[in-house]
Structure formats: C-alpha cells, structure tokens
Amino acid sequence: MSILEKTIQAFAELFPEEAAATVAVDGTAEEQTEKDSEAEGPVVARDYATRGFHLDIGVAPDQLVRAAEILFALDYFIESITGVDWPKEKQIEAVYDFCRYDFDLCRVVVRTRTPRDEPRLPTITGIYTGANWHERETHDFFGVVFDGHPNLIPLLLPEDADFHPLLKDFTA
Amino acid sequence: MELSLLNAFIAVFIAIAFVGANAAYLVWWERKGAGFFQRRPGPTENGPWGLLQPPLDGIKLMTKQLLIPGGVDKAIFMVAPVLAMFPALVSFVTIPFSSSIQAHTIEVGVLLIFAFAALGSMSLLVAGWSSRNKYAMISSIRAVSQTVAYEIPLLITTITVVLIAGSLELSEIAAAQMGGIWNWYIWPFQKSAGFNIFMPISFMIMFICSVAETNRAPFDLGEAESELVAGFHTEYSSMGFGLFFMGEYANIVIGACLITILFLGGWACPFGDLGFFPFTHHVGWFLLKLYLIIFVFVWIRWTFPRTTIYGLLNLSWQYMIPLSLFNLLLTAALIKVFA
Amino acid sequence: MSGYFTDLWGGAVSLLEGMWVTLKEFPKRPVTVGYPHEHLKMYRRFRGHVELIGGEDGSPNCIVCSMCERACPSNCISMTGEKPEGSKKKVLTSYILDFTTCSLCGSCVESCNFNALKFSNEYNLASTRREDFIIDLLERLAEQNKASGGGDD
Amino acid sequence: MNQMDLIELQPDETFVLNVGPQHPATHGVLRVKMTMDGEYIYDAETVLGYIHRMHEKMAENRTYAQYMPNMGRLDYLSAMAFNHGYALVVERACGIEVPERAEYIRVLTVELNRISSHLVWLGAFVLDLGGFTPLMYCFDDREYILDLLESITGSRLTYCYFRFGGLYNDIDEPFIEGTRRFVKRMYKELKMYAKLVTGNIILMKRLRGHGIIDQNMCQRYGATGPVARGSGINYDVRRNEPYSVYPELDFDIPVDDGCDSYARYLVRMEEMVQSLRIIEQILAKLPEGPINPAKKPKIIKPPPGDYYAAVETARGNFGIRLVSDGGKNAYRLKLRSPTYSNMHLFDEACRGMLIADALAFMGSLDLVIPEMDR
C-alpha cells in the first residue's frame, strides 16, 4: 500500500460519513478552475506534476489537532504553517504543509478556515514543537489566535506591532 | 651608591623601551604574519611594509575617547590596565639577555617572574569584575581558572630545570647550558642528570603552558571573541584597551624569554665555543631564539581553533600536571643517582 | 590507559599536520588585490547601473516607450519625453535613475526592445551624499559622447 | 540526558545573557536570550525579526517577473537555489517547459553556488570556533566561484540568473574552462581542509558529542538539509523529490548518524565533493540547444489554485507555496525557508550546554539571518 493510500485511510477516521467516496483525483489545472472548491470532499488527491503536492485535506478547526496527530504517527514532519486571507468569504484559511523524510514522497496539505473577524485555531505545538514559530508568524501576519500556544508574542514583527500586514486590506 | 642608582634607572628605562618597542612591533609582526599565513599581505599602507602601523595605531588609540561605562567601580576599572602592563615590565629586570646585559641580577629571578605573572592574572580578574558586564565577568573567571591550572605545570617544569641547573638565578641557568646545542636542557641527555628522556616533553609542556599563561590562541578563552565578544576588555576603549594589548604582547616576550633561558640555553651559541668566531655567546643568539619562539606563537595562533574552558582544564589536570610531576620525580632521582 | 596515549599521540600528529599546512602557505605570494592601487578588469557581462546607448550621432536610441519604467520592480526609473513639431518619434528629454533603490536586477535592460539601455561597468559606487546616486543618464551619455569625440560603441 | 534537566534552578541563581543582536557569533542580527547558570545555559529564547522585510507582501504587489530579484535577497549565500525554487513554482503553475540545456546550466550554477555557500559556512564556522585562517582560505576559493558566476551572470551575490522557462543568458567557453580548472583546484583544496580542519584534535574535541539533535527532534521541528542528514535522516529534495535534471546525474547524499555538530560538519564537507562530481558530469554531457523555451506566455498569469515547489538549497528544503487568483501578481506567496526550522530547534537543543559549545552548535546549523527573517 502506498503511503498516499495509507494516509487517506488514516484520515477516514476524521470523516466517517464521507469515507473513501470523496477521494477524487483532480484533473489538470485548467479543469480545476472550473470546479467549485466547495464541491470537493475533504480529502483530495492532487496531481503532483501540476500542483507540487499530493494530498489536500480540508478539516474543521476542531479536527486540526487530531489531523496533526495522525500525520505525526505516520512520520510526517512539519514544513510550514501559513495563512491565506479570503476577504470575500470573510475567512482566513490556515495552511499546514507536511512532508516525509523517507523516499515515499507524499506532500500533505492540511487546510482549515476560521472567521476573519475573530480568527481562532487550536495550537498543534503539543504534537509538533516546531509549529511554535510558524504559529507565531501566522499570528503576526494574519492575527490568527492559536489557543493554547505557549508564547504567542510577535516573532518577526516588532513587539508592539498591532497590525497584520498580510491581510488584504492592510496598507502601509 | 649614586652610580648604582643611576645604573638601575638606565636599566629600567632600557627594559621599558625594549618592552614597549617589542609590544608595538610584535603587533605589527602578528598582523603581518597572520597575513602571510592567510594568503594576504597584512598591513601595507603605512610606511614600507606597513612599518609605521604600530606608532600610528598608538596615536589613534591615544586620541580616542576614554569611555567609562556607567556604574563601574572607577578606581579599580582604571587600575586594571596598568596592572596588566606593570608585571611584565618588572619581570624584564631579571631577564639576562647575555652574560653582561641584565638589568639587575636577582638570585631568585625565577621566583620573581612567577610572582609577577600571578599578578597579571589579577589584572584580568579586576578588569572583568569592575567592568559591570556579563561577558567580561565570565571572561575574567575563565582567565583566573585557566591561570591557576597552568601555573602548576609551568612551575613544576621550571623546578625540574632549576634542579638540573642547581640555581634559581636565570643567568646561571643559562650559563649552565653553554658550550653547544647538545648542552641545552631541551635534549634528553644532561651532564648533571644523566639520560632523562622526558626533557623534550617538559619543553613541550613549558611551551604549551606559556601559550596558555599568556592567554593566546588556541587558549585565548579570556577574550574568545566569538563567545564573549571581547572578554575582559569589552568595556575598555582608548589607551585602556591599548595597555591590555601591550601587556599581552609584553607577556608573550616574557614567556618566550623564559623558554629560551630554561630550555634553549639563553644566549648560548648552538655550535659550542668557536674560538675564531666573534659572536659566540652573544645577545644576538638570544634574540634569534626569542623571535623564533614568538614566530611559533604566531604560527600556532593562526592555525588552530580555540579550545573550550573544560578542554583546557582537562589538558592541564589530566596530561600536563601528571607528566610534569613524573618528570620532576624522575629528574630528582636521576640527579641523586648521577651526582 | 592505552586510549590516553593514543589520544595524546594522534592529537599531536593532527596538530602538526595543520601547522604544516599553514607553514606551506607562509612563503606563497598573497592573492589579495590591493584595491585602490590595483584594479581588476570587469567582466563584459558585469551589471553596473544602467546607462543609455547612443546612436550614430550620439543621440539616445530611446524612443520613450516606458517599458523599462514599468518593468522596474522598485520604481527607480523616471523618464520624460516630448514630440517635437513635425517629428513622428518621441524624443527623450530626461532619464533619471534613482540608484538608491535600484537592486541591479536588470529587468529594465531586458524589457528594452530598442537597444537603448545597457549595463555600465561602473563599480566604484560609493559616496557620502545621497544626491550622488540620483543619476541623470542623459547627461551621462552626453559626457561620454564628449569624452569619445562623438558616438562610439 | 544533560544535567540541567535534573536541577530546578531558582530565578535568583541564574542571570540573563543577551547574545546578540550584535554579537560576533550570530553572523548577523539574531538575538538569543540565554538564561545562564554560570557558563551553562539553563534556557534560551531566540528573538528574530531584526531584518524582517516582508518579502511575502512584496510578492503580492509585484508581477511574477519583478519578484524574481527578491529571491536573491532572501539567502545571499545560495541565491541561485532560491531563484531556482521560485522559477520552478511559476513554471509548474504556468506549465512552462524548460529546454534541456537550460536545465543543465541551472544545475551547474546551483551546485557551484552550493559549494560557495558551504565554503562561507566552513570559514565562518571555524571562525566561531576561534580559528581564523580557514576563513581566508575559504574566501580565496570562493572567489574563484564568484568570478566564474560573475562572468556569466554579471553579478557576484544576487545573481537573478534564471528566467521563467530558461536563463538570462548562455554560458560561454571561458566559463566552462574556468569551471574545469576550479574543480581540479577544489579537490586539492578540500584535501588541504581535511588536514587543516577536519582532522584537528581541538576541533574534534569541541564538536564530537556536542549539539545532539536526534531524529525525533528533526521531525518535530521540521529540520532539513545538512542538519537532518547529520542526524542520520537520508533526506535531500534532490533525491527524495527529484526536480530539474538531478535524476540523470550520479551523486550520493552524504548521511552521518552521529547526530552531533561534527556529523553536520562532515556532511557538509562531503556535500562539496558531491557537488564537484555533479559539476564534472554536467561539463561532460552539457547538451547543445536553446536556453529559453520556444513558446512562453508573454505575461505570466498562472491559473487560479495552489502550487508548491521545493528545492534543496545549501541549508535545506526551501519550499514555495503559491496561491494564484489568475492575476498578474501572486495572491499569496509563502516562503518556507530552511534555516527558520533549523534554528527553531536551537532553543530546545542548547539547554544544558556550555555557552562555548552552544555557539559552536549554532555555527553548525549554518544560519543565514535574512533568510530566516525574510
């Protein structure tokens, strides 16, 4: 069983009702644009050649910690955490990148969305210690509050920074 | 009486001048040597081969503002650089450059040098303590533990030589090694002590200890610039820093002088007494050996990375002290057998 | 106990090896170029700040299309041009390069379709005054023309 | 287990030592707030952001082509690899094919750049340990690489040599000749470094057994590059996630399971040898052909969606996540820089170390601050 299938199977626990039926390999990038992203299931296998990653997993904020636990158990390491601001939908998307050290190449992207006016997410520093700085950075740039984070103070911005530069409505 | 006082003044003046000139030009030589070791020319801009660099550096340092950071113990802060320079100057009084050139013959010359060398480490302690800077503080503690650790093997090794020569007077120790390279104490065979295979090792111990005593790389833990910024002289500017710098080089000269006298026969000509040759047993030989040793100091500094404080202390307590103690015992026994 | 002495011996040998390496370097010639006295020849492709290319008569090739101005990521080019009476082409009247913000990426040269811009070989770019880096390229071209007695290159 | 974990220290038994932002060992403006017990580090907190420039926001305000020079400013020591990563992600998003010759030249310049980066690391690392001379030798050797790269790219540090789908300009015969000579010289120089630095007993005593990073820690922090490979993890993007022409080249990924500073040191030294091997192979089989694709969109406008590309820089896995909305500018560009994750584990790993060992450990992580702060 390839690592891709293994990961998908492990995530079946999070999405019991949708199960494996929602797993779909998307087509080329052009086709992708026509599809409404909402229509996709939570676990989507992507075309690596055009996208650069294999698995796209959308979770609810409260499933995030469990998702990180599953990935940690499967020997994934954390690459980065970042946000994307979607002002139209009044949401901030948090994107978690995971990758593997061994030769079973599989890049996993975990996404979750939180309301833009009060962005709150649970921290995963309990599982991936290295998420600490990434979460602090996301807090700096997007104002996402990570509940339970041990030290949520500005990392890259000055200590007294009260702005979040990567929000789309930020102007210098 | 008055004449001898005048003599003493002249001698001290010459000693100071010698130390000053040496300290200044050793800085030049260090930079030039570092350059050559590192595929670059070193100082070139001031004077031919950069020879005007030391006096100009001195002028620069003197014209700079002497900063005294807030909250330091001013009196001690100011005294420390002087303390760094002073022992080196005094020690020079006892150094015999040849059978006739010596500021003052002191029967316990070796003891005097060690007494004042201990004072040198005091200046580091005082400087680091009074600077009110954490880096300086750590550095001074390091410097003191280092000096304590390395004074022991240094003294033991010196006692070994003193035992063989039978005198505490430096000129007599040197005089005992006259008559050719084979009489120097660096070799395993001695007239008075028979075959002592540990003498070259003693020389190595002496050499390493002098490097450590003078706080030079690879044992420059006191001023490890990549860890402690500038160590005990972090807060010193202007001539305060200059004095520390000069003191360091003056100490190097003292250390090299000691090695020359104790192991390399002082002013002895390596080819024995050549009746036809006018320069047998001449101050020139002394200076030649002195600068050769200083060259090796420079060479070592620009070759090796720095040790850590624990590596340094381990080297002393695990290797140096047992070996030098063993050699002392062996020498004492051999003297008993052969004498 | 045997480890004690092999450590000592191996360590000493490694130190002597290192010393031999540095000693061999000692007599070699330094590789340094004594910069203010000696200069290196710049490579043909060296990217200094940009300058204008003059045509046969020494006037700039530039036709004021503003492609470079738009390509520049840091907005350091500002140019003006005017259409003289009875002429079809626009003529460059000023070309100011604000070198303080230029990152020497060369986007301007690449975007130019009329062979009007090139990199200079200027590398002595140090000054204590900010104004020295607001470079009037048109003036520079005129000076070059004067120096070479008419358009060359 | 180090001794610090066993002792519970009271606040009045410790003092805080600020290493940085201006400190000789931090190679830039990095600050580590260390809580010390004598010379032992009880706790450390790294403070970043002193040269944060918000490159990610710049990406949203510039066109794709205009953003290319920014990449060299991230990591000034291996600018080529960062440019490569950015070119890869945009090419992937737009579906631009890169001609074979361009790919080979890209790998050639990236590997030259990797050697030059490792040379700076070697010099600076030994400088951290108190040895000054190797720095000068390293810079002498690096000078050859910089001259070579300058002769084809026109600049010495921030090359900006890659274009989407190809290169800025072609390499010429003097460059190939010069590279051949350099490879020959570099093999000799590496032997010299082995004698001067690698075998040195003082260096070994300082590095062996110090700065332990185990595999679990690498996984938790996401350490990559020589830091992970020095912990016995066989992870190199060039092999694990092949890009460009790396699959066609024969080279090894050096791995050392010493987990200490010395293992990381050995990995980097061996990487230079492997890079030389790659360069030799490329010089032997450099194909003829164009260096820019025949058809290339005039204005770069990737279709909407998420794209990811990763490259192996001299310091590890550099990843770019590009979120496009189909416009001329990126909607969101995330730069995942390797040192950011590598440095993060310093806080945990340096607990209980002596300050001298901790700074040697920091040197073995090969920090480039602008890349961390972005």
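This is a predicted model: local features need pLDDT of at least 70, side-chain atom pairs count only at pLDDT 80 or more; totals for chains, interfaces and linings use all residues.

Reader: Why is A:Lys90 called exposed?

Author: The relative accessible area of A:Lys90 is 60%, and the label needs over 50%, so A:Lys90 counts as exposed. You'll find A:Lys90 in the loop between strand 4 (76–86) and strand 5 (91–100) of chain A.

Reader: Is D:Cys160 buried or exposed, and how do you know?

Author: D:Cys160 has a relative accessible area of 5%. Buried means under 20%, so D:Cys160 is buried. Its phi is also near 55°, a positive value in a residue other than glycine. As for its place, D:Cys160 is in the loop between helix 5 (133–153) and strand 4 (162–163) of chain D.

Reader: And which label does B:Val144 get, and why?

Author: Partly exposed, because its relative accessibility is 25%, and that label covers what lies between the 20% and 50% cut-offs. B:Val144 lies in helix 5 (residues 134–165) of chain B.

Reader: What does B:Val144 touch, once its neighbours within four places in sequence are left aside?

Author: B:Ser121 and B:Leu125. Being in contact takes heavy atoms within 4.5 Å. As for B:Ala118, B:Val144 is 26 residues from it in sequence and 9.4 Å from it in space, C-alpha to C-alpha.

Reader: Zooming out to chain B, what is its make-up?

Author: Chain B has 11 helices and 2 strands. Along the sequence the pattern reads α-α-α-α-α-α-β-β-α-α-α-α-α.

Reader: What makes chain B as compact as a globular protein of its length?

Author: Its radius of gyration is 20 Å, close to the 20 Å that the globule rule gives for 339 residues, so chain B is as compact as a globular protein of that length. Its C-alpha atoms fill a box of roughly 65 × 50 × 45 Å along the principal axes. Buried residues make up 56% of the 339. Among contacts between residues at least 6 apart in sequence, 75% join residues at least 24 apart. Chain B exposes about 14200 Å², with carbon and sulfur atoms supplying 75% of it.

Reader: How do you know that chain A and chain B do not touch?

Author: Their nearest C-alpha atoms are 25 Å apart, while a contact needs heavy atoms within 4.5 Å. Chain A and chain C don't touch either, and there the nearest C-alpha atoms are 16 Å apart.

Reader: Which chains share the most contacts?

Author: Chains A and D do, of the 4 pairs of chains in contact. In that pair, 54 residues of chain A meet 48 residues of chain D.

Reader: How much area do chain A and chain D bury between them?

Author: About 4300 Å², 54% of it on carbon and sulfur atoms. On the chain A side, A:Tyr101, A:Trp133 and A:Leu156 supply 20% of the area buried against chain D, more than any other three residues.

Reader: How much do chain C and chain D bury between them?

Author: About 2200 Å², with 51% on carbon and sulfur atoms. C:Tyr43, C:Arg45 and C:Arg47 supply 31% of what chain C buries there, more than any other three residues.

Methods:
Residues are numbered from 1 along each chain as its sequence is written. Chains are lettered from A and ligands numbered from 1 in the order in which they are written. Side-chain values use heavy atoms; hydrogens and water are left out. Helices (H or I, at least four residues) and strands (E, at least two) are DSSP runs, numbered from the N terminus. The radius of gyration is taken over C-alpha atoms; the globule rule is 2.2 Å times the number of residues to the power 0.38. Buried means under 20% relative accessible area, exposed over 50%, partly exposed in between (1.4 Å probe, protein chains only). Accessible areas come from the Shrake-Rupley method with a 1.4 Å probe; for residues, only the protein chains shown count as cover. Buried area is the accessible area (1.4 Å probe) that two parts lose on being put together, summed over both.
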